[in-house]
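Keep the sequence and the 3D view side by side while you read.

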Amino acid sequence: MPTRLTPVRVGLSLMTTEDFRAASLPLFADGVVDALEWSPDMLWAPCGERHPEPAWCAALLDHYEHAGRLSGHGVHLSAFSAEAPTRHERWFARLAGDPRRYRRFSEHVGFMSAPGFADGAPLPVPRCAETVALGAAALTRIARVTGVPAGLENLALAFSESEAWEQGPMLADILSAASTASTAEAPAFLVLDLHNLWCQAVNFAIDPERLLAAFPLERVRELHVSGGSWSHPRADPLGRRFRRDTHDGAVPDEVLALIEPALARCPLLEDVFLERLGGTMLTEDERGGFRTDFMRLRALVYEAAHA
C-alpha cells in the first residue's frame with residue numbers, strides 16, 4: 001500500500017436550504033467540520049443573474065475560504081456535451097466572475113445536455129479518443145479560469161458491466177491528457193465518489209474493492225460519501241432493484257466499509273466530503289441521522305488515516 005503523504009480532512013457539501021442549516025449548524029458549532037465543498041452554479045439563474053448566498057451560507061463560505069479549506073464543485077457544466085457551445089460559454093463566463101478562491105475545482109464525467117433535451121442526470125460516455133479530448137479540454141479550461149487544479153468525479157450510472165469497468169481507465173486517460181496540457185504544479189485530479197462506485201458494483205454484481213482498484217487512485221484528492229435510493233425499473237422484466245445516486249438518504253454501511261481501503265490506496269487524498277441534498281431532511285430524526293452519518297464518517301477517516 002502507498003505511504004500516506006497528506007493529512008485528511010472531513011467536511012460537508014454545503015446546501016442552502018433551511019433543513020440543511022438546521023441539520024448541519026450543530027456540527028459547525030462543535031468545530032468538527034474540517035472543510036467545505038461548494039457548488040456555486042446552484043445559484044446561477046438561467047438568464048445570467050446570480051442569486052445571492054443566504055447570509056448564514058456566506059458566513060461559512062467566508063470562513064472556510066479564508067482558512068484555505070474551500071473546494072469548488074460544479075454540477076451544471078455538462079462537460080462532455082459535444083455540441084453545447086452556448087451552455088459552455090455561459091457557464092465559464094459565470095465561473096470567471098465567481099469571486100471566491102477555491103483550493104481546487106471539479107466537475108462530473110458525463111453529460112446532461114444534448115440536442116433534444118436540455119438537462120437531466122449526468123449520463124455516461126464511452127471510452128474513446130473523442131471523449132478523452134472533450135474531458136481534457138474542459139479540465140484545462142476550468143484550471144485556466146479558476147487558477148487552481150481541476151478534477152472530475154466518477155459517475156454512478158453505467159449502461160453495462162463492461163462500461164463500469166472502463167470508467168476508471170477512461171478517467172485515467174482524461175486526467176493524464178489534461179495534466180499534460182496543464183502545468184506540473186496543478187495536475188488534474190480525481191474526485192472518487194464511493195457511493196457512485198458502490199452503485200455500479202451493486203447494479204452489476206461486482207466486488208466493490210476490485211472495482212475500486214480499477215480507478216487511478218494515485219490521482220484522488222477528494223472522496224465523496226453519500227446515500228441514495230433504490231428503484232425498480234418497469235422496463236426490467238425480472239423486476240430487479242437498481243441503486244441510484246439520489247443523495248437523499250442515510251449512508252449505507254457498505255459505503256462506509258470502503259473508507260478504509262480507499263484511504264489505504266489514495267496517498268494524495270486530502271478531503272472527504274459528506275453529501276446530502278437540501279430538502280431531504282424534513283424531520284428531526286432525519287437531521288439527527290445526518291449528523292450521525294457525519295460523525296461515523298469522521299471517526300472512520302481519522303482512524304484509517306492515522307493507522
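## The model

The structure is a predicted model. Residue numbers count from 1 along the chain.

Start with strand β1, which covers residues 9-13. Five of its five residues are buried, so the rest of the structure largely encloses β1.

Two pairings of β1 come next. Strand β10, residues 271-275, runs parallel to β1, and four bridges join them. Within this pairing, glycine 11 has phenylalanine 273 as its bridge partner in β10. Strand β2, residues 35-38, also pairs with β1 in the parallel sense, over three bridges. Here serine 13 stands opposite glutamate 37 of β2.

## Aspartate 19 in helix α1

Helix α1 spans residues 18-29, and aspartate 19 is part of it. Aspartate 19 is buried, yet it has no salt bridge. Which side chain of opposite charge is nearest to aspartate 19? The nearest is arginine 287, 6.3 Å away. A salt bridge needs the charged atoms within 4 Å.

Aspartate 19 does have a polar partner in the backbone. Its side chain reaches the backbone nitrogen of methionine 281 at 2.9 Å. Leaving aside residues up to four places away in sequence, aspartate 19 touches Gly278, Gly279, Thr280, Met281, Leu282 and Arg287.

## Histidine 224 in strand β7

Strand β7 runs over residues 220-226 and holds histidine 224. Is histidine 224 buried or exposed? Its relative accessibility is 0%, so histidine 224 counts as buried.

Histidine 224 has contacts beyond four places away in sequence, among them His73, Glu153 and His195. Val191, Leu192, Asp193 and Leu194 are also touched by histidine 224. Some names from the strand pairings return here.

## Arginine 144 in helix α4

Arginine 144 belongs to helix α4, residues 129-146. Why does arginine 144 count as exposed? Its relative accessibility is 58%, and the exposed class begins over 50%.

Arginine 144 and alanine 96 are 48 residues apart in sequence. In space, their C-alpha atoms are 9.5 Å apart.

How values were computed:
This is a predicted model: local features need pLDDT of at least 70, side-chain atom pairs count only at pLDDT 80 or more; totals for chains, interfaces and linings use all residues. Side-chain values use heavy atoms; hydrogens and water are left out. Buried means under 20% relative accessible area, exposed over 50%, partly exposed in between (1.4 Å probe, protein chains only). Lys and Arg count as positive and Asp and Glu as negative; His and the chain ends are not counted. A polar contact is a pair of N or O atoms within 3.5 Å; within protein, one must be able to donate a hydrogen and the other to accept it, and residues adjacent in sequence count only if both atoms are side-chain atoms. Contact means heavy atoms within 4.5 Å. Two strands pair if DSSP finds at least two bridges between them.
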